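Open the model in your viewer and keep the selection panel at hand. The stops below say what to select next and what is there.

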Amino acid sequence: MAKIYAFMAPGMEEVECLAVADVLIRGGMEVNLVSITDSLEVTSSHQVTVKADCLLKDVDWEGADAFFLPGGLPGTTNLGACKALCDRLLEAFQAGKRLAAICAGPSVLGQLGILEGKTATCFPGFEDQLKGANYTRQGVVTDGTVTTARGLGYALDLGLELLGLLDSRENAAKIKASIQYDQV
């Protein structure tokens with residue numbers, strides 16, 4: 001069973017975070033919601049408060065298989081301003097760990113140089129923050145160990161893509177069918 005950490009910052013897009021987490025959990029993955037603040041409660045951009053499973057200091061970076069950044073504003077800005085998170089994401093990338101981000105979230109990876117030479121996508125208007133990336137308008141794209149998604153409308157697709165990468169395409173197809181998701 002793969003272990004995934006989803007990082008939550010004040011002002012995040014809650015559906016992007018929780019939809020991806022939900023698909024992964026349904027697929028048998030261990031998902032830990034992580035608050036980057038000193039509180040387990042994180043309030044989204046739409047004023048929905050979500051309780052995290054742990055704080056940033058509790059993340060098992062070496063034992064994890066993947067790390068996920070949802071978008072939203074000012075959530076993405078808050079993620080990018082968290083030096084401890086950014087330093088560890090860069091180390092995780094260099095260690096070959098899988099990273100994923102959606103909407104404005106890929107801009108954090110771009111600022112860290114992680115997208116250099118990679119094909120990536122993001123919410124329209126953030127393309128210039130994907131430093132060194134080959135931008136595509138695809139909904140979800142995986143290049144090496146980095147998977148990016150364009151926005152909320154692709155949250156289920158991102159979850160299914162990650163499930164396929166971390167477990168199997170068969171399991172992802174099974175979960176897709178079980179949630180009545182007929183999107184091509």
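**Stop 1: Gly151**

Select Gly151: it is buried, with a relative accessible area of 7%. Buried means under 20% relative accessible area, exposed over 50% and partly exposed in between, with a 1.4 Å probe and protein chains only. This is a predicted model, in which local features need pLDDT of at least 70 and side-chain atom pairs count only at pLDDT 80 or more, while totals for chains, interfaces and linings use all residues. Residues are numbered from 1 along each chain as its sequence is written, and side-chain values use heavy atoms, with hydrogens and water left out.

Gly151 sits in the loop between S11 and H5. Helices (H or I, at least four residues) and strands (E, at least two) are DSSP runs, numbered from the N terminus. Show what surrounds the glycine. Leaving aside neighbours within four places in sequence, Gly151 is in contact (heavy atoms within 4.5 Å) with Glu16, Ile102 and Cys103.

**Stop 2: Thr148**

Step back to Thr148, in strand S11. Thr148 counts as buried, at 1% relative accessibility. Draw a distance from its side chain to the backbone nitrogen of Thr121: 2.9 Å. Not counting residues up to four places away in sequence, Thr148 touches several residues, among them Ala101, Pro106, Leu115 and Val141.

**Stop 3: the sheet**

Colour the strands. An open sheet of 7 strands runs in the order S5-S2-S1-S6-S7-S11-S10, with mixed pairing. Two strands pair if DSSP finds at least two bridges between them. The edge strands, S5 (54–55) and S10 (140–143), each pair on one side only. Select S7 and S11 (residues 146–149): they run parallel, joined by 4 bridges. Leu99 has Val146 as its bridge partner in S11.

H1 lies across S1, S2, S6 and S7, at about 155° to S2. H5 lies across S1, S6, S7, S10 and S11, at about 175° to S7. Axes are lines fitted to C-alpha atoms, for helices over the stretch in contact, and angles run from 0 to 180 degrees between N-to-C directions.

**Stop 4: the core**

Which residues have the most contacts inside the largest nonpolar core? Select Met8, Leu24, Leu33 and Leu158, in a core of 32 residues. H1 gives the most to this core, with 6 residues. A nonpolar core is a set of buried Ala, Val, Leu, Ile, Met, Phe, Trp, Tyr and Cys residues joined through side-chain atoms within 4.5 Å.

Notes. Polar contact = N/O pair within 3.5 Å; in protein donor to acceptor, adjacent residues only side chain to side chain.
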